[in-house]
Amino acid sequence: MTETTRYREIEVAGRPREMGRQLGDAARDEVRSFCEVALERLSQTMQVDSDQAKNLAERCQPFAETYSPDSIEELQGIAEAADVPFWKMMLLQIRNQFTAEPDSGCTSLSLPANAKRGAIVAQNWDNDPALDPFTIVLTRRPLGKPALMNLTQVGLIAYVGFNEAGIGACLNSLPAPSRPLGVPHYFTLRELYEASTLDEAVNAIQRAARAIPANIMLTTPEGPANLEVFIDDVRVLRPAETSWITHTNHCLHPDFCEYNEQFPELIGSHPRKARIDTLLSAGTNDFSVEEIKTALRDHQGYPRSICRHDNDDESTGFWKTVFSVIIEPAQKRMHVSRGTPCNSPYEIYQL
């Protein structure tokens, strides 16, 4: 159990290295601990030692530096202030490139604005609860770029959140082909938060030589959208028969559904997708924030439900809904439950 229902909040501002130093100063212990936990998990689960980890981190750095030099500058600032080797900061960004196995399962949705509220993107984030101590709500105010708020593990260059230009993003693992070298996933997310339109967001992802697949659920000024991101392609899904869109952890675009046969289903992805669609279909286009919370607390198929709990699965049974988040970019706020939303209240974080 956590001692508080709120995550720690940190705000940084300025040029990239300045923001990094501010974050490293504010969260030195968390940064150091997260680096060590990342190494320990790789050793335990993948038999990757520190030399192998350092080698891949350093080999990926040129890809990241070419793609987003500002992000590298910020990470260098964190490393300096927290007094950790820079390769360990890179390791946090590339640790999911050691294996084709996904590192989390999630249920996400995006809904357009209605009479009750603005546009929303939301998800339950199913992962290892050991990451909770390193999770923060981080506001960045970069010089000359949109301010952004992320719900993230400290030291990652970007994660779930939104920017002040109206772009909100949630993330799902997507089982599909990967490769060990390339631009880390978190760097492409950071560039996405510099976008102000759907086309700019897609271009931010497309221009990267990516290492792993991922799914990015978006709310944008143009409405809901979902990006199925593969290492060589990006496919945009928009609402068709409904005004909203949902995603779990399998491919939906017809060009890539073949991957669903090649990779094991991730923690009941198909049943969760069917269930969230049923819940949204049973309502109206005027779904309120409170009704969305109710959907994210759903326990059909417990414990492998939308609101996920510990279970006896040998490989992923320890995964649970670590947090649930509902993002309202127009209102510049997030509703976040620290822990399963059935047991933890949603707290509001305001940009």
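**Entry 1: an aromatic pair**

I began with Trp125 and Phe323, and I found that both of these residues are buried. I keep in mind throughout that the model I am reading is a predicted one. The structure holds nine aromatic pairs, and I looked up the geometry of this one. The ring centres of Trp125 and Phe323 are 4.7 Å apart and the planes meet at 10°, so I wrote the pair down as stacked, since planes under 30 degrees apart count that way.

**Entry 2: a second pair, and a cluster**

Next I turned to Tyr159 and Tyr186, whose ring centres are 5.7 Å apart and whose planes are at 45°, so this pair is tilted. This pair also links distant parts of the chain, because Tyr159 belongs to the loop between β5 (148–153) and β6 (160–163), while Tyr186 belongs to helix α6 (residues 185–192), 27 residues apart. Are these two tyrosines buried or exposed? Tyr159 has a relative accessibility of 5% and therefore counts as buried, and Tyr186, with a relative accessible area of 1%, is buried as well. I noted finally that Trp125, Tyr159, Tyr186 and Phe323 form one aromatic cluster.

**Entry 3: the eight-stranded sheet**

I followed an open sheet of eight strands and wrote its order as β1-β4-β5-β6-β7-β8-β9-β10, with mixed pairing. Which strands stand at the edges? They are β1 (8–14) and β10 (234–237), and each has a single partner strand, so one side of each is left without a neighbour in the sheet. Neighbouring strands here are turned by 20° against each other on average, when direction is ignored.

Within this sheet I looked at one pairing in detail, that of strand β4 (residues 135–142) with β5, which is antiparallel and runs over six bridges. In it, Thr139 stands opposite Met149 in β5.

I then looked up which helices meet these strands. Helix α1 (residues 16–26) lies across β1 and β4, and its direction is at about 155° to β1. Helix α6 packs on the sheet too, touching β4, β5, β6, β7 (168–172) and β8 (214–220), and its direction makes about 10° with that of β8.

**Entry 4: backbone details**

I checked the peptide bond from Tyr302 to Pro303 and found it to be cis, with omega near 5°. Pro303 is in the loop between α10 (289–296) and β12.

I also looked at Gln47, which has a positive phi of about 55° although it is not a glycine. Gln47 sits in the loop between α2 (28–46) and α3 (50–67), and with 59% relative accessibility it counts as exposed.

Lys332 is not a glycine, and its relative accessible area of 32% makes it partly exposed.

How many bridges join β13 to strand β14 (residues 346–350)? I found five, and these two strands are antiparallel. One of the pairs I followed here joins His335 to its bridge partner Ile348 in β14. Five of the six residues of β13 are buried, so I describe this strand as largely enclosed by the rest of the structure.

**Entry 5: the surroundings of Thr246**

My last entry concerns Thr246, which lies in strand β11 (residues 245–247) and counts as buried at 3% relative accessibility. Which side chains make a polar contact with that of Thr246? I found Lys273, at 3.1 Å, and Asp277, at 2.5 Å. Leaving aside residues up to four places away in sequence, I saw that Thr246 also touches other residues, among them Ser108, Leu109, Met217 and Leu252.

Key
Residues numbered from 1 in each chain as written. Predicted model: local features only at pLDDT ≥ 70, side-chain atom pairs only at ≥ 80, totals over all residues. Heavy atoms only, no water. Phe/Tyr/Trp six-rings, centres within 6.5 Å; stacked < 30°, edge-to-face > 60°. Buried < 20%, exposed > 50% of the residue type's maximum accessible area, 1.4 Å probe, protein only. Helix = DSSP H or I, 4+ residues; strand = E, 2+ residues; numbered from the N terminus. Pairing = 2+ DSSP bridges. Axes fitted to C-alpha atoms, helices over the stretch in contact; angles between N-to-C directions. Contact = heavy atoms within 4.5 Å. Polar contact = N/O pair within 3.5 Å; in protein donor to acceptor, adjacent residues only side chain to side chain.
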